[in-house]
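Welcome, and please open your viewer with the cartoon and surface displays at hand. We will go from pocket to sheet and back to a pocket.

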Amino acid sequence: MAQGTHDFQADPRNETILINVNGALVPRAEASVSVFDSGFMLGDGVWEGLRLHRGKIAFLPAHLDRLYEGAKAIAMDIGLSREELTARIDETIDGNGMRDQDGVHVRMMVTRGIRSTPYQDPRVVISPATIVIIPEYKAPLPATVEKGIRLFTVHVRRGDPAVQDQKLNSHSKLNCITACIQATQAGADEALMLDPHGFVATCNSTHFFVVRKGEVWTSTGDYCLGGITRSNVIKVCREAGIPVFERNFSLTDVYGADEAFVTGTFAGVVPVTEVDGRGLTPARGAMVERLQGLYRSLMDRDVA
């Protein structure tokens, strides 16, 4: 069975967590939103995945920047200031007694609110934004971080921003879901996706990098989400004097790479050992292991 970057060991503590629904902490089994909610009905909203590290949300300002910029881009009023939303996140973590726990991942979702009728036009929205915060005990499997994952290049492309801008971290993820389905049915762990010109863009839920002759390459970023972990890996490379480039490259460059890896808030830096049946490394290589350490150090500095 495929093992993706988001695979984790189910934690029984999650059955009794409290979920924040519009400011109220509700038992997991009772947490719900209306069938007329914009997120359920149309995928109309934005979201963020957050990681609790040593009692604090890592890189929170960058996550809030992306959330509020996305909301502004789709003309959606979140209804809370950054300070108020941060306080609500803190209330959720503290209400679950998670402040001193390891392996806590938080999904924060904001939709346009409840519609009076099933219809696309935002003018039929009759409520403030719906804000749901789900904290869970969820950590990546050690085997994933050490032994890596396999990718399969799918036919589903990352689209032109005039069709659906990939910079939006929106609830509308069907493009990525269809890519994920194709990859898992091919026996891989995650999908590698190309841009409209055939260059490597990103993965269905993570960002993709290759290592070639001591250099770290990732895509131009033109056809992928502005990844927080992606930008932080680029940052630590520059701080450490590791040559890093945002550039166009093809599958030929991938197949001939020395190492490859993916990045994301959930699992950080994860090695890629195989792409389209071509083996790269049997487990994480020296560069990936080094970058995992540099990224952990950056997280420590961020929450210090």
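Which element gives the most to the lining of the largest pocket? Select H5 (174-185): with 5 residues, H5 gives the most to that lining. Keep in mind as you look around that this is a predicted model.

Now show the whole pocket, which has a volume of about 960 Å³. Its lining counts 45 residues, and those nearest the centre are Trp 47, Asn 169, Lys 173, Asn 204 and Ser 205. Besides H5, the elements that give two or more residues include S3, S5 and strand S9 (200-203). Colour the lining by residue class and you will find 24 polar, 11 nonpolar and 10 charged residues.

Next, turn to the sheet. Its 6 strands follow the order S2-S1-S6-S5-S3-S4, with antiparallel pairing, and the sheet is open. At the edges sit S2 (24-27) and S4 (56-57), each pairing on one side only. Zoom in on S3 (residues 45-53) and S4, which are joined by 2 bridges; here His 53 stands opposite Lys 56.

Then pick H8 (residues 286-303), lying across S3 and S4 at about 95° to S3.

Stay with H8 for the last stop: H8 gives 4 residues, the most, to the lining of the second largest pocket. This pocket holds about 430 Å³ of space. Of its 19 lining residues, His 53 is among those nearest the centre, along with Arg 51, Pro 140, Phe 266 and Met 299. The lining divides into 9 nonpolar, 6 polar and 4 charged residues.

Technical notes. Residues numbered from 1 in each chain as written. Predicted model: local features only at pLDDT ≥ 70, side-chain atom pairs only at ≥ 80, totals over all residues. Heavy atoms only, no water. Pairing = 2+ DSSP bridges. Contact = heavy atoms within 4.5 Å. Axes fitted to C-alpha atoms, helices over the stretch in contact; angles between N-to-C directions. 1 Å grid on protein atoms, 1.4 Å probe; cavity = no way out; pocket = protein on both sides within 12 Å on 5 of 7 lines; lining within 4 Å. Points joined across faces, edges and corners; volume = space filled by probe spheres on them. Nonpolar A, V, L, I, M, F, W, Y, C, P; charged D, E, K, R; others polar.
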